[in-house]
Amino acid sequence: MSNLTRWEPMREMMTLREAMDQLFNDAFTRPRSTSTSGVSIVPAFDLFETSDEVVVKVNLPGMKSDDVQISVTNGILTLRGEVKQESEEKEATWHLFERRYGAFERSVSLPTDVQTDKAKADFEDGVLTISLPKAETVKPRTIAIKAR
């Protein structure tokens, strides 16, 4: 005995709608920068805050700290850099060419005011960690209560 499944065209339309929503979300929510070869280079960011600081971690595999510039202007952290190609083997037969090369720029809005003059940046094992202390005006303060 075979099982018959009732065809519901609206169910398939919802699947198409969900796919289109995902396409537009991916296209417009994640900033893109394009290298000279037309391949987009977008370093992955993690951004979180503690009670004292805002921390940004960025994956930059294969890069050197000299190839990256960091700036903070009006509450926006901007990271610029260039992934340089080692040497192109012109006589070789290429089977895969997936690594990306070229210049990139990525900006992210900081969630709160920070003290840029006390910022620190560490680069270890291809991960750039930027620590930005929060401005004194936005840090929570405790108020002592005097009992009478």
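No aromatic pairs turn up here: the count is zero. To pair, the rings of Phe, Tyr and Trp (its six-membered ring) must have centres within 6.5 Å; planes under 30 degrees apart count as stacked, over 60 as edge-to-face and the rest as tilted. The model is predicted, so local features need pLDDT of at least 70, side-chain atom pairs count only at pLDDT 80 or more, and totals for chains, interfaces and linings use all residues. Residues are numbered from 1 along each chain as its sequence is written, and side-chain values use heavy atoms, with hydrogens and water left out.

**Overall build**

- The protein has one helix and seven strands. Both are DSSP runs, numbered from the N terminus: helices are H or I with at least four residues, strands are E with at least two.
- Along the sequence, the pattern reads α-β-β-β-β-β-β-β.
- Of the 148 residues in the protein, 25% are buried. Buried means under 20% relative accessible area, exposed over 50%, and partly exposed in between (1.4 Å probe, protein chains only).

**Salt bridges**

- The whole structure holds two salt bridges. Each needs a side-chain nitrogen of Lys or Arg within 4 Å of a carboxyl oxygen of Asp or Glu.
- One of them joins glutamate 49 to lysine 134, at 2.6 Å from N to O. Glutamate 49 sits in strand β1 (residues 45–49) and lysine 134 in the segment after β7, so the pair ties together parts that are 85 residues apart in sequence.
- Glutamate 49 is partly exposed, because its relative accessible area is 40%. Lysine 134 has 8% relative accessibility, so this residue counts as buried.
- Glutamate 105 and arginine 80 also meet through their side chains in a salt bridge, at 3.3 Å from N to O. Glutamate 105 belongs to strand β5 (residues 102–109) and arginine 80 to strand β4, so this pair ties together parts that are 25 residues apart in sequence.
- Glutamate 105 is partly exposed at 43% relative accessible area. Arginine 80 is partly exposed too, at 35%.

- Arginine 106 lies over the face of phenylalanine 45, at 4.6 Å from the ring centre. For a charge to sit over a ring, NZ of Lys or CZ of Arg must be within 6 Å of the ring centre and within 35 degrees of the ring normal.
- Phenylalanine 48 is part of strand β1. With 37% relative accessibility, phenylalanine 48 counts as partly exposed.
- In sequence, phenylalanine 48 and leucine 110 are 62 residues apart; in space, they are 9.4 Å apart, C-alpha to C-alpha.

**Two loop residues with positive phi**

- Most residues other than glycine have a negative phi.
- Asparagine 74 has a positive phi of about 50 degrees, although this residue is not a glycine. Its place is the loop between β3 (68–73) and β4 (76–83). Asparagine 74 is exposed, at 77% relative accessibility.
- Aspartate 125 also has a positive phi, near 55 degrees. Aspartate 125 lies in the loop between β6 (120–124) and β7 (127–133). This residue is exposed, with a relative accessible area of 75%.

**The largest pocket**

- The largest pocket has a volume of about 400 Å³. On a 1 Å grid over the protein atoms alone, a pocket is an open set of points with protein on both sides within 12 Å along at least five of seven lines; lining residues have an atom within 4 Å of a point.
- The lining has 19 residues, and Leu60, Pro61, Met63, Val83 and Arg100 lie nearest the pocket centre.
- By class, the lining includes 10 nonpolar, two polar and seven charged residues. Ala, Val, Leu, Ile, Met, Phe, Trp, Tyr, Cys and Pro count as nonpolar, Asp, Glu, Lys and Arg as charged, and the others, Gly among them, as polar.

Note on methods: On a 1 Å grid over the protein atoms alone, a cavity is a set of points where a 1.4 Å probe fits but cannot get out, and a pocket is an open set with protein on both sides within 12 Å along at least five of seven lines; lining residues have an atom within 4 Å of a point. Grid points are joined across faces, edges and corners, and a volume is the space filled by probe spheres set on the points.
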